[in-house]
Amino acid sequence: MTEQIPTPEATAEDVADLRATVEALAAQLEVTHRLVENLRDAAPATAADTNSVKQAPRPPSVPPLILKLDEKTYDAELSSLATWVEYVLVACYLTEVSSSSPWCAYWFEHPQAVVRLHALWLAWQELTTPETGGYTGPSIWARDHLDPCMAQLRDPSGPFAACMTHPERPQHTVLPQPPVEQLAAP
């Protein structure tokens, strides 16, 4: 039985595949590490914790609407959200960019996108944890949260309507907010 020697092209392809796998695993490890930190920070104190050293009070839990956070908290929350968008949402769930499904690489400059993606991320954190979401949590998350959110964000008339519609033509425009008139006092 003769052993075939791989060609340089096949070896280069194998190395590229391995590199991509390692990069994907490293990205997932980073996301998992952030989630563990978030869970650890949110975990209630145990009796052993309260009996030993007096602990500093924990900050209140993050309200569901990210735009209502103070600047420092908003920046930290947006940073964590950006990591999730890059390494989980876009890498695993986003489909091709087209005129019927626009996307914006600068999604964080679109307030409507930030609010929706933050809500999507909060639901993902809850439903992809087996203790809270069970084994069907990821499926429920995709059906009830991911699909409707992406349909709204990537709709041709959605917040990315004036942004990228083709991967080779980057475009970013934040559309103006509709005007609102003040309600006259009675």
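How many disulfides does the count come to in this structure? The count comes to 0, and keep in mind that this is a predicted model.

C104 is buried, at 0% relative accessibility.

| Helix | Residues | Kink | Where |
|---|---|---|---|
| α3 | residues 71-93 | about 40° | centred on V85 |
| α6 | residues 137-153 | about 35° | at L146 |

Let's take α3 from its start. There, a side-chain oxygen of D70 comes to within 3.2 Å of the backbone nitrogen of K72. Further along, the buried residues of α3 include Y74, E77, L78, L81 and W84, and V85, where the kink is centred, is buried as well. V88 and L89 are also among the buried residues of α3. As a reminder, an α-helix has 3.6 residues a turn, so residues three or four places apart point the same way.

Over in α6, the kink at L146 comes shortly before the proline P148. Even so, the 17 residues of α6 reach 22 Å from first C-alpha to last, close to the 24 Å expected at 1.5 Å a residue. L146 is itself buried, as are G137, W141, C149, M150 and L153. What do the buried residues of α6 pack against? They pack against α3, along with α4 (111-127) and α5 (130-133).

Technical notes:
Residues numbered from 1 in each chain as written. Predicted model: local features only at pLDDT ≥ 70, side-chain atom pairs only at ≥ 80, totals over all residues. Heavy atoms only, no water. Bend = angle between axes of the 7 residues up to and from the residue. Helix = DSSP H or I, 4+ residues; strand = E, 2+ residues; numbered from the N terminus. Buried < 20%, exposed > 50% of the residue type's maximum accessible area, 1.4 Å probe, protein only. Polar contact = N/O pair within 3.5 Å; in protein donor to acceptor, adjacent residues only side chain to side chain. Expected span 1.5 Å × (residues − 1). Contact = heavy atoms within 4.5 Å. Disulfide = S-S within 2.5 Å.
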